[in-house]
Amino acid sequence: MATTTTALLCLCAVTLVASIGVDITEHLNKRAGSSRVAFSAGLTTNLELHQPVNITFDKVFTNIGDAYDNNTGEFTCPAAGTYVFQFHGLTESDGSIWMELFKNNAYVISAYSHSANDYGAASNAIVLQLAVGDVVHLQGHGDVYLYGASDEVYATFNGFLLYPAKSS
Ligand SMILES: *[C@@H]1O[C@H](CO)[C@@H](O)[C@H](O)[C@H]1NC(C)=O
Ligand SMILES: *[C@@H]1O[C@H](CO)[C@@H](O)[C@H](O)[C@H]1NC(C)=O
């Protein structure tokens, strides 16, 4: 009798541990699923700016997590973590590029180029820790001439989640 009780208790304990295991696995899978974020967008038209204006990269190559909006050029962080951003541009001949990356409307980094009678290229990259809802966007500063055509995409804006934040 005692042996049967012990066996039943053991069975219960094993079942309990197994079901907790399944719960944790499901939880981790859900977290991993919601933490896949990567976007890449390019410019398919010439963009000429003479004052601070948000830059919108129209052509979306990749938008996993749907966090980049190609109507506004904004990336809105859907999952807390460490993100990599990279941006690049080519000027028209003799043009300038002065691009700035902003986080929540606060200036972070720049890329600049000007070559007299030539095509200048500018780029920069950064690793940023973001919270859910943080917004990252690019803005022109002063005179900007970014070259772009549907079959000549030189200017791109890219970002992806490197490490999801540890769950709290
Ligand atoms: C530029 O983007 C920022 C950040 O998303 C936003 O707050 C601001 O209203 C935008 N400016 C314009 C002129 O759209
Ligand atoms: C945004 O991207 C979609 C799909 O890639 C495209 O059809 C649409 O024209 C783009 N919007 C703008 C404003 O370029």
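How many aromatic pairs does a search of the whole structure find? The structure is a predicted model, in which local features need pLDDT of at least 70 and side-chain atom pairs count only at pLDDT 80 or more, whereas totals for chains, interfaces and linings use all residues. Residues are numbered from 1 along each chain as its sequence is written, chains are lettered from A and ligands numbered from 1 in the order of writing, and side-chain values use heavy atoms, with hydrogens and water left out.

The search finds 13 aromatic pairs, a pair being two rings of Phe, Tyr or Trp (its six-membered ring) with centres within 6.5 Å, counted as stacked when the planes are under 30 degrees apart, edge-to-face when over 60, and tilted otherwise. One of them is the stacked pair of Phe39 and Tyr68, with 5.0 Å centre to centre and 5 degrees between the planes. This pair links distant parts of the chain, 29 residues apart, with Phe39 in strand β1 (residues 38-42) and Tyr68 in strand β5 (residues 68-69); strands are DSSP runs of E of at least two residues, numbered from the N terminus.

Phe39 is buried at a relative accessible area of 3%, and Tyr68 is likewise buried at 4%, where buried means under 20% relative accessible area (1.4 Å probe, protein chains only). Tyr68 also forms an edge-to-face pair with Phe157, at 6.1 Å centre to centre and 80 degrees between the planes.

Technical notes
Helices (H or I, at least four residues) and strands (E, at least two) are DSSP runs, numbered from the N terminus. Buried means under 20% relative accessible area, exposed over 50%, partly exposed in between (1.4 Å probe, protein chains only).
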